[in-house]
Amino acid sequence: MAREKGTGSLQLEKSGRWTMRVGIKGKRYSRSTRTTDREKAEKFLERFLSPLGLGSRRLPLADVWLEYVKSPDRRDLAPSTLNAKRLVWMDFARWMEHHHLEIGNLAEVTHEAIAEYLACIRAEVCASTYNARICVLREIFHVLAARAGLVDDPWEGVRLHADDCHSRRELTLDEIERLMKAATKAGGEWKRLFTIGIYTGLRLGDCCCLAWNSVNLERGVIQLIPTKTRKHAHGQPVTIPIHPQLLTELQGDGERGMGNGKLPTGQFVNPTLADWYKNSKWRISHGLELIFKAAHIETSVRIEGRRTRTPEATFHSLRHTFVSLAANAGVPLPVVQSIVGHSSTAMTRHYYHENLDALRSAVASIPVIGERGMGNGERSGMGNGERGTGNDSSDRINKIDRIKNDGAEKRGRSANVPARLKRLDKYLARGLITQEEHDSQRARILTEL
C-alpha cells in the first residue's frame with residue numbers, strides 16, 4: 001500500500017516479520033511489528049503514527065460529515081433523517097472542540113474521550129435519545145473507518161442504557177373541549193388543524209400539510225400517504241373516513257373559496273400553517289404552545305434524573321386520543337391500525353390507553369349465568385366457597401378498580417415495550433449494536449411486562 005512521504009515505511013526482515021521504520025524530527029525509529037502479515041503490520045504502523053498526526057489517511061473532524069455524506073458505504077436516507085444525523089454529529093464535534101482541542105482527526109478520538117462525552121449528555125437526555133446518539137455516532141465511525149485509518153474501534157465496549165422514554169398521554173374530553181375553544185380564538189386555520197388532528201389521528205406534519213386533493217367530500221374519506229411511512233412502508237396510503245364534525249368544518253363557508261362544494265385542487269386546507277411547517281416550524285411550535293397554555297394544559301413534566309422537562313401532552317397526544325377513543329368504542333384494533341397507518345397492531349396497542357368506563361361497560365355486559373348468578377350465591381372469581389357480599393355488579397366494578405390501580409405503574413412502564421423492541425431489532429439489523437447488546441436490552445425490557 002502506497003504511503004505519503006514522511007509517514008513511515010515497512011521492511012520485510014529475513015525472519016519473515018515486518019519492521020516499522022519512521023523518521024520523526026530528524027530522528028529515525030525502528031520497531032518490529034511482530035507479525036508476518038502485511039495488513040496487520042500496516043495497522044500497527046497506523047496505530048503508532050495516529051497520535052502523532054502522521055497517519056497516511058488522516059481525516060479532520062471538520063471534514064467528517066462531508067466524507068460521510070459522500071461515502072458509498074452509508075445507507076440511502078431520507079433528507080430529514082440525514083439532517084437529524086448531521087445534528088448529532090455536529091453536537092459531538094463541537095463538544096470535542098471545546099473539551100479536547102488536541103484531538104483534530106477522527107483516528108485520534110479515544111474510548112476515554114467518548115466515555116466523557118456520553119457521561120455529559122446522559123444527564124441531559126432520556127435513555128432513548130442517548131441510545132440513538134450512540135448508534136448514529138457509531139455508524140459514522142464504522143462507515144469512515146477505512147477512510148480515516150481507524151485501527152481500533154473507540155466505541156467497543158460502549159453499552160446502551162435501559163430505555164426510560166416517557167410516552168405522550170391521551171387527552172380527556174374536557175381537555176379537548178378546552179383546546180378547541182382556545183384554537184377557535186387563535187384563528188380559523190388553528191381550529192381546522194385541531195379538528196383534523198382529533199378526528200383523523202394524523203401526525204402534526206400531515207395535518208398541517210393536508211392538501212385538498214387528498215380530501216374526497218363526496219365519498220367522505222381522506223386518502224394520503226403519511227410522510228413518516230412514505231418510504232419505509234413502501235408508500236402505503238391510509239384511508240380515513242371523515243367524521244361528521246370534520247366534514248362540517250371542511251365544507252366551509254366560502255372562507256376557503258370552495259363555492260358550490262368545489263375543492264381548490266392542489267391547494268392546502270391550511271395554506272398558512274403548511275407554509276410555516278415547511279419554512280419556519282418555530283411558528284407552529286410557538287402557536288401550539290400558546291393554545292395549550294390558553295387551555296390550561298401542562299405540556300411537559302419534570303422527571304427525576306433529567307435536567308430538562310419531558311414532553312407529555314402535545315399535539316401528538318391527539319393521535320393517542322384518537323386511537324384510544326376508537327378502541328374504547330369497540331372498533332377492532334386491526335381496523336384502527338389501518339386508519340392510523342401503523343405497521344402492526346403491537347404499535348397500535350402502544351397508542352391505546354384503557355378507559356375505566358369502557359372496562360366497566362365490557363365487564364357489565366357479561367350476562368348473569370344461572371338464576372342466582374353462579375348458583376348458591378357464589379360469585380365469579382371467588383373460590384373455595386367464598387360468597388359475594390351483596391351487589392354482584394358492584395363487586396366486579398370494585399375488582400376492576402383494584403386491578404387497574406395495582407397495575408397502573410406496570411402498564412406505564414410497559415406501554416412502550418413494542419416500540420422499544422422494534423427499535424432494538426432495527427439497530428441490530430443495521431449493525432449498530434451487537435447481538436450481546438441486543439439480547440441484554442431485550443431481556444431488560446421484557447422484565448417490565
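Buried here means under 20% relative accessible area, exposed means over 50%, and partly exposed lies in between (1.4 Å probe, protein chains only).

This is a predicted model, in which local features need pLDDT of at least 70, side-chain atom pairs count only at pLDDT 80 or more, and totals for chains, interfaces and linings use all residues. Residues are numbered from 1 along each chain as its sequence is written, and side-chain values use heavy atoms, with hydrogens and water left out.

Helices (H or I, at least four residues) and strands (E, at least two) are DSSP runs, numbered from the N terminus. Two strands pair if DSSP finds at least two bridges between them. Strands of a sheet pair through backbone hydrogen bonds, either parallel or antiparallel. Here the sheet is open, with 3 strands in the order β4-β5-β6 and antiparallel pairing. Its edge strands are β4 (215–216) and β6 (238–241), each pairing on one side only. Strand β5 (residues 221–224) is joined to β6 by 4 bridges, and the two run antiparallel. Within this pairing, Gln223 stands opposite Thr239 in β6.

Now turn to the aromatic rings. Rings of Phe, Tyr and Trp (its six-membered ring) pair if their centres lie within 6.5 Å; planes under 30 degrees apart count as stacked, over 60 as edge-to-face and the rest as tilted. The count comes to 10 aromatic pairs. Take Trp89 and Phe92. Their ring centres are 5.4 Å apart and their planes stand at 45°, so the pair is tilted. Both lie in helix α3 (residues 79–99), and because they are 3 residues apart, about one helical turn separates them. Trp89 is buried, at 1% relative accessibility. Phe92 is buried too, with a relative accessible area of 0%.

Phe92 also pairs with Tyr117. These ring centres are 5.0 Å apart and the planes stand at 85°, so this pair is edge-to-face. Phe92 belongs to helix α3 and Tyr117 to helix α4 (residues 111–122), so the contact ties together parts that are 25 residues apart in sequence. Both Phe92 and Tyr117 are buried. One aromatic cluster takes in Trp89, Phe92, Trp95, Tyr117, Phe141 and Trp155.

Rings also meet charges. A charge sits over a ring if NZ of Lys or CZ of Arg is within 6 Å of the ring centre and within 35 degrees of the ring normal. The charged end of Arg38 sits over the ring of Trp18, 4.7 Å from its centre. Arg74 lies over the face of Tyr68, at 5.9 Å from the ring centre.

Salt bridges come next. The term covers a side-chain nitrogen of Lys or Arg within 4 Å of a carboxyl oxygen of Asp or Glu. The structure holds 6 of these salt bridges. One joins Arg75 to Glu139, with the closest N and O atoms 3.9 Å apart. This pair links distant parts of the chain: Arg75 is in the loop between α2 (64–70) and α3, while Glu139 is in helix α5 (residues 127–143), 64 residues apart. Arg75 is partly exposed at 29% relative accessibility, whereas Glu139 is buried at 7%.

Another salt bridge joins Glu249 and Lys191, at 3.7 Å from N to O. It also links distant parts of the chain: Glu249 lies in helix α10 (residues 244–251) and Lys191 in helix α8 (residues 188–200), 58 residues apart. Glu249 is buried, with a relative accessible area of 14%. Lys191 is partly exposed at 29%. Elsewhere, salt bridges that share partners join Arg75, Lys85 and Glu139 into one network.

Helix α7 (residues 173–186) holds a pair of its own: Asp174 and Arg178, 4 residues apart, about one turn of the helix. Their salt bridge brings the closest N and O atoms to 2.3 Å. Asp174 is partly exposed, with a relative accessible area of 41%. Arg178 is partly exposed at 27% relative accessibility.
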